[in-house]
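Subject: A structure for you to look at

Hi there,

Here is the structure I promised to pass on. Please open it next to this email and follow along as you read.

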Amino acid sequence: MRRIGLLSLVLSLASCAPAAQSGSSDGGEQRIARVESGLRRAVQVKSLPVETYPLADRMAKYNTPGVTIAVADSGRVVWARGFGIKEAGTSDSVTSTTLFEAGSISKPVAATIMLRLMEQGKLSLDENVNDYLTSWKLPENRFTAKEKVTLRRIVSHNAGLTVHGFPGYEVTDSIPTVPQVLDGAKPANTGPVRVDTTPGAIWRYSGGGTTIMQLLVTDVGGKPFPTLARELVFDPAGMKLSTYEQPIPASRISETAAAHHQDGTMVPGRWHVYPEMAAAGLWTTPSELLQWAIAIAESRAGKANSLLQQATATEMLTVQKEPTGLGPFIRGSGRSMSFGHGGSDEGFHAELIYFPETGQGAAVMVNSDGGVPMLREILFAIAAEYDWPEFGPREIDAIAMDSAAVEQALGAYRTDKPVPVTITISRENGKVFVHSEFTPKGEAVFTTPTHLVLLEGGFELDLVPGANGVIDSVKAGPFVAPKVR
């Protein structure tokens with residue numbers, strides 16, 4: 001379970017001061033300052049003025065020791081900067097070159113490796129993956145009798161494969177091989193990756209599928225996955241710092257940030273190890289994530305020295321199964337079309353977005369589980385400053401509630417599924433707040449008499465009345481939590 005708490009005063013003060021970083025040569029310092037002071041919540045009430053917040057205050061609120069940001073404009077990275085510290089309780093500053101784990105942003109970058117091999121004629125997107133796998137085979141079953149698991153379906157998350165994601169391993173754990181991960185065999189800590197529905201039938205996110213792709217490209221490419229990544233993607237895209245090495249070599253530990261729990265305490269051993277490299281194992285920086293995105297966009301535009309052939313990049317950035325292309329998530333169309341991905345490893349979170357038609361985008365990485373809401377708050381500040389197309393907080397209408405009706409909703413609600421959690425609804429100075437072990441206290445508004453929306457993060461709750469008409473439970477998605485006090 002990820003915990004919640006308060007940053008120490010020392011950590012809060014350390015987070016307030018950015019280290020000396022790379023900036024912009026075109027008057028960018030003022031723009032950086034406006035972004036740094038212009039964070040905005042995920043949800044905006046239409047009738048209220050937009051509130052903005054300083055980055056340092058939000059880092060303290062979300063127990064986040066370090067943040068690193070890069071911004072692209074006109075098809076190039078215009079600034080990159082780190083804020084705060086690499087590790088709680090130290091003074092080692094985050095810089096624009098500090099390495100963070102990128103979580104699932106690893107997936108679209110890994111898909112690029114596969115596409116490079118496809119362009120070399122070594123594999124096909126639409127053949128049965130078992131035709132290429134040599135060190136392990138995906139068990140066939142009744143679901144694969146007519147439709148096969150293919151690379152196209154794997155990278156667009158509709159191959160019918162199980163295992164959503166991976167928790168990683170503590171640095172002192174035994175680390176499984178990739179075949180052990182795929183079979184769910186000890187010391188793997190996740191179940192076997194198998195087909196449990198007809199390939200191509202439905203969209204369902206599967207890190208397990210991406211791990212099959214990882215093994216396939218090493219079988220076909222004949223080299224370790226980090227080596228293939230370096231040769232086929234990182235070097236051509238100018239990503240000099242990035243690596244898929246897991247664990248990261250001891251010689252590079254000083255370049256890394258440490259991962260932190262929701263309460264701001266460091267993850268034991270500094271981070272988790274991910275043998276599922278393609279799904280979750282990329283160490284990188286926001287600048288280099290943008291360099292990858294820019295290279296893909298330039299490939300799509302047919303520019304010289306492209307990473308991919310134009311036809312391949314165009315297909316990569318075309319929806320295969322809503323909402324994914326060949327790796328990235330695709331949103332919007334025309335000038336508003338963007339691609340990117342989010343990422344979450346233990347104690348690390350990140351988000352990347354790029355608009356290929358305008359050459360705008362950003363990548364943000366944080367080293368705390370508490371910092372998830374802040375990713376979007378920072379992106380919204382960047383979007384406002386650089387006038388991104390159709391990107392901003394969700395706007396909602398709120399209703400006024402009388403005091404007695406609000407009083408009914410106040411209290412603590414407890415559920416044990418999918419994990420034990422207590423959701424507390426409170427009132428302070430006339431405002432309603434919600435918090436749990438997994439979410440910091442945030443302001444919420446009523447959109448109906450029985451529906452609450454948190455302005456930070458956009459989390460939603462339904463208030464469920466009992467037979468007597470009095471609120472006796474809350475519903476969050478499919479999960480119901482009865483009132484306990």
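Below is what turned up, taken region by region.

First, some housekeeping: this is a predicted model, in which local features need pLDDT of at least 70 and side-chain atom pairs count only at pLDDT 80 or more, while totals for chains, interfaces and linings use all residues. Residues are numbered from 1 along each chain as its sequence is written, and side-chain values use heavy atoms, with hydrogens and water left out.

Strands here are DSSP runs of E with at least two residues, and helices are runs of H or I with at least four, both numbered from the N terminus.

Strand 10 runs antiparallel to strand 9 (residues 338-345), with seven bridges joining them; strands count as paired if DSSP finds at least two bridges between them. The two form a hairpin with two residues between them, and G347 in the turn has a positive phi of about 80 degrees. Seven bridges also join strand 10 to strand 11, again antiparallel. That hairpin has four residues between its strands, with G359 in the turn at a positive phi of about 70 degrees.

**A closer look at Q360**

Q360 belongs to strand 11 (residues 360-366) and stands opposite F355. Is Q360 buried or exposed? Its relative accessibility is 6%, so Q360 counts as buried. Its side chain makes a polar contact with the side chain of T358 at 2.8 Å. A polar contact is a pair of N or O atoms within 3.5 Å; within protein, one must be able to donate a hydrogen and the other to accept it, and residues adjacent in sequence count only if both atoms are side-chain atoms. A polar atom of the Q360 side chain also lies 2.7 Å from the backbone oxygen of Y386.

**Helix 10 and the cores**

Helix 10 (residues 286-300) has 15 residues and reaches 21 Å from its first C-alpha to its last. Twelve of its 15 residues are buried, so helix 10 is largely enclosed by the rest of the structure. W292 is one of those buried residues, and together with I212 and Y244 it has the most contacts inside the largest nonpolar core, which has 84 residues. A nonpolar core is a set of buried Ala, Val, Leu, Ile, Met, Phe, Trp, Tyr and Cys residues joined through side-chain atoms within 4.5 Å. Apart from it lies another core, of 36 residues, with L39, M374, I378 and Y386 among them.

Finally, look for the open sheet of eight antiparallel strands, in the order 13-14-15-16-17-18-19-20. Strand 13 (411-415) and strand 20 (479-482) stand at its edges with a single partner strand each, so one side of each has no neighbour in the sheet. The hairpin they form has two residues between the strands, and N429 in the turn has a positive phi of about 50 degrees.

Happy exploring!

Note on methods: Buried < 20%, exposed > 50% of the residue type's maximum accessible area, 1.4 Å probe, protein only. Expected span 1.5 Å × (residues − 1).
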